[in-house]
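Subject: Structure for you to look at

Hello,

Here is the structure I promised to pass on. Please open it next to this message, and then read the notes below.

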Amino acid sequence: MSTAKQSQSQYYDAQTFYDEMFEKDFSVRAHYDAVHRLFGRMKPSELATRQKAINQRMLEEGITFTLYSGTQNEPLERTIPFDYIPRVIPKHEWDVVDRGVKQRIRALNGFLHDVYHGQRIVSDGIIPRRMIVSNTYFRPEMAGLHVPGGVYITASGIDLIRDEKGRYYVLEDNLRSPSGFSYLFKGRTLMNELFHDLYLSSSVQSIDRSLNCFLSSLRALSPNGKRDPLIVLLTPGAYNSAYYEHTFLAQQMGIHLVEGRDLVYKDHKIYLRDLRGLRQVDVIYRRIDDDFLDPLAFQPDSFLGVPGLMNAYRAGNVAIANAPGTGVADDKAVYAYVPDMIRYYLGEEPILQNVPTYILSRKEEREYVLEHLEQLVVKETSLSGGYGMLIGPSASPKEIQAFAEAIRREPERYIAQTTMKLSRAPVMVDGGMTPRHIDLRAFALIGEETHVIPGGLTRVAMTEGSLVVNSSQGGGVKDTWVLNR
């Protein structure tokens, strides 16, 4: 090992976990060579200047996320921690991810159609009926409904991790209203501006057409075949943690940003109320949960949705993306059956594997988990964003005991997974590279064709040793570069 490698390896561990930039002997992986050379020769003062410029831009543009903590009286709005060492993925690796995500989304979309129509997968004994009908996100109101274009999942976020050998696994499916699009696009803009020469010389796959693909996917849902449908983004409002993203997407796609009070139901149609009077809405890209969409159909005390919306939807006069009831497919217990869905609906073997998962309603699996909680990750099936989790290896005896009692009371509410050794990538801290655990949210958009945004969003556990990458839990992000070769 060279002197430089010895010096760097004294404080950077590239052996315990799979490292995205470095081999175990601390040589640089070929696809990271240009990135490593640039950051290796930059002075700490220059690195600090770049970081300051990024922080300032994010503050000026309001690129924020709201943190909720039980230790604080008030929610904390802050800029997303953005690390400027890009994650680099070679083309041959990304091609596998791209095919695997498309395959998975096809199967999940087929599952949703089946769930709300014939339920063949239940009749054929692949998935237990109780796992569907007792699911928090199953919507009987969707049974038998025709969904525009047969597309339930217009936009999805599939969370991927890599294990200690660099193999990709699917950690989670996000199908209701996945977030993170804005951080992906803004991160790319920042990197292109502040590291323009590196970006150009690296031959990175462009994401420029992806917002157009998003818009095209929404246009394709228009139930009346209009060439220029009226599309709105329905937001809960400025106090929502992802409100910045809502405003960003509406502005970039040229669609209307609305709250429930801006829309009105009339004659089985939905109208936008503005200075020009009432204009019929064709497509609603919703960023609110099913429960709040329509107080006449779901939660009666909701002020966020539109009374009568589901009547207009059932009449075929408006499309909703993603379709109500999609949450039944991203439930963490149903997740365990996605490989079976791929085989059942597509007649193919899964390209991307699941993380090994235990279904706790099964007695033998529950007993094993209860005996090995300190080694496993436990998740509440209906929650997301890093909430309702136990990470056994880092949990206290008191936390483990509390989860054991909860599992015994309501085992069907939880699943458990093998604790994976998430891969790590370097982040810049005080002018030096240090490793942090990461995952990858791959975004897929279904329109006339399925488009997976090249690279997606790399999420970073900013706390040393932490496995929690969610923005809602204090995680950060990186730009993700997929190479053209």
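In which loop does Asp267 lie? Asp267 sits in the loop between β8 and β9. Please keep in mind that this is a predicted model.

Asp267 has a positive phi of about 55 degrees, although it is not a glycine. Asp267 is also exposed, because its relative accessibility is 55% and the cut-off for exposed is over 50%.

Ser203 is a second case. Its phi is positive too, at about 55 degrees, and Ser203 is not a glycine. You will find Ser203 in the loop between α8 (196–201) and α9 (210–219).

Then there is a cis peptide bond. It runs from Ala321 to Asn322, with omega near -10 degrees. Asn322 belongs to the loop between β12 and α12.

Why list these? Most residues other than glycine have a negative phi, and most peptide bonds are trans.

Strand β9 (residues 269–274) pairs with β10 over four bridges, in the antiparallel sense.

**The four-stranded sheet**

Another open sheet has four strands in the order β7-β6-β11-β12, with parallel pairing. Here β7 (256–258) and β12 (319–321) are the edge strands. Each has a single partner, so one side of each is left without a neighbour in the sheet. The twist averages 25 degrees from one strand to the next.

Strand β6 (residues 231–234) pairs with β7 in the parallel sense over three bridges. In that pairing, Val232 has His256 in β7 as its bridge partner.

Helix α10 (residues 243–253) lies across β6, β7 and β11 (283–286). Against β7, helix α10 runs at about 150 degrees.

**Two helix pairs**

Two packed helices are described by the angle between their axes and the distance between the axes.

Take α3 and α7 to begin with. Helix α3 (residues 44–60) packs against α7 at an angle of about 140 degrees, with the axes 11 Å apart. The two helices are therefore oblique to each other. The crossing of α3 past α7 is right-handed. On the α3 side, the residues are Arg50, Ala53, Ile54, Arg57 and Met58; they meet Thr189, Leu190, Glu193 and Leu194 in α7.

Now α4 and α12. The axes of helix α4 (residues 91–115) and helix α12 (residues 338–346) come within 9 Å and cross at roughly 80 degrees. That makes α4 and α12 roughly perpendicular, because angles of 65 to 115 degrees count as such. The residues of α4 that meet α12 include Gln103, Arg104, Ala107, Leu108 and Phe111. Among those met in α12 are Val338, Met341, Ile342 and Tyr345.

Val338 is in helix α12. Val338 is buried, with a relative accessible area of 0%. Val338 touches Arg104, Leu108 and Asp173, leaving aside residues up to four places away in sequence. Val338 and Arg104 are 234 residues apart in sequence, and their C-alpha atoms are 7.5 Å apart in space.

Ser182 lies in helix α7 (residues 181–194). At 0% relative accessibility, Ser182 counts as buried. Its side chain makes a polar contact with the side chain of Glu245, at 2.8 Å. Beyond four places in sequence, Ser182 touches Tyr244, Glu245 and Phe248.

Gln417 is in strand β17 (residues 414–418). Gln417 counts as buried, because its relative accessibility is 2% and the cut-off is under 20%. The side chain of Gln417 makes a polar contact with that of Thr357, at 3.3 Å. Not counting residues up to four places away in sequence, Gln417 touches Leu171, Tyr335, Val355, Pro356, Thr357, Tyr358, Leu376, Val377 and Lys379.

Best wishes

Definitions and conventions:
Residues are numbered from 1 along each chain as its sequence is written. This is a predicted model: local features need pLDDT of at least 70, side-chain atom pairs count only at pLDDT 80 or more; totals for chains, interfaces and linings use all residues. Side-chain values use heavy atoms; hydrogens and water are left out. Buried means under 20% relative accessible area, exposed over 50%, partly exposed in between (1.4 Å probe, protein chains only). A polar contact is a pair of N or O atoms within 3.5 Å; within protein, one must be able to donate a hydrogen and the other to accept it, and residues adjacent in sequence count only if both atoms are side-chain atoms. Contact means heavy atoms within 4.5 Å. Two strands pair if DSSP finds at least two bridges between them. Axes are lines fitted to C-alpha atoms, for helices over the stretch in contact, and angles run from 0 to 180 degrees between N-to-C directions. Angles under 35 degrees count as roughly parallel, over 145 as roughly antiparallel, 65 to 115 as roughly perpendicular and the rest as oblique. A crossing is left-handed if the near helix is turned anticlockwise from the far one by less than a right angle, and right-handed if clockwise.
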